[in-house]
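Good morning, everyone. I have one structure to show you today. Please take a moment with it before I start.

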Amino acid sequence: MASCRLHIHQGKVVKPVVLFSLALRIIGAWTLVSGLEFVVSWFDVRMGLSQMTNYQATAFINQAIAHVVIAMVLLTFAPYFASRCYPARSVDPEA
């Protein structure tokens, strides 16, 4: 069975756990940016720059806080989550 490996310069192989950790951090950064967008929307509604009749300004803050918390968890604990999803393989000494 062929193994799919990503090669970078100098012939080094990137492990799946590293790629997954990177993906989690990218998602975390994306979530942080979207959380900051909610802060801007809150500011717009609060200052009267936008007429949102169906949405209260505090709802934007709730969304922003949730996004920032999720982003911080992903950015901080990405290596831990990746290692839990891709545990280290034990080497069989008899093989």
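Which helix do the buried residues of helix 2 pack against? They pack against helix 1, residues 16–46. Keep in mind that this is a predicted model.

Let me step back to the overall layout. The protein has two helices and two strands. Read from the N terminus, the order is β-β-α-α.

Now the confidence. The average pLDDT is 83. A score of at least 70 is reached by 81% of the residues. Among the elements, helix 2 has the highest mean pLDDT, at 93. Strand 1, residues 6–7, has the lowest, at 54. Where pLDDT is low, the predicted coordinates should not be read in detail.

Back to helix 2, then. This helix covers residues 57–85. Its buried residues are Ala57, Phe60, Ala64, His67, Ala71, Leu74, Ala78 and Ala82. Look at the spacing in that list. An α-helix has 3.6 residues a turn, so residues three or four places apart point the same way.

Where does helix 2 bend? The bend is at Phe77, and the angle is about 70°. A proline, Pro79, follows within four residues.

Next, the protein as a whole. The chain has 95 residues, and 17% of them are buried. The accessible surface comes to about 7800 Å². Carbon and sulfur atoms account for 64% of that surface.

Last, the contacts. Take those between residues at least 6 apart in sequence. Of these, 64% join residues at least 24 apart.

To close, one picture to keep: the buried residues of helix 2 packing against helix 1. Thank you.

Definitions and conventions: Residues numbered from 1 in each chain as written. Predicted model: local features only at pLDDT ≥ 70, side-chain atom pairs only at ≥ 80, totals over all residues. Heavy atoms only, no water. Bend = angle between axes of the 7 residues up to and from the residue. Buried < 20%, exposed > 50% of the residue type's maximum accessible area, 1.4 Å probe, protein only. Contact = heavy atoms within 4.5 Å. Areas by Shrake-Rupley, 256 points an atom, 1.4 Å probe, with all protein chains shown as cover. pLDDT = per-residue confidence, 0-100.
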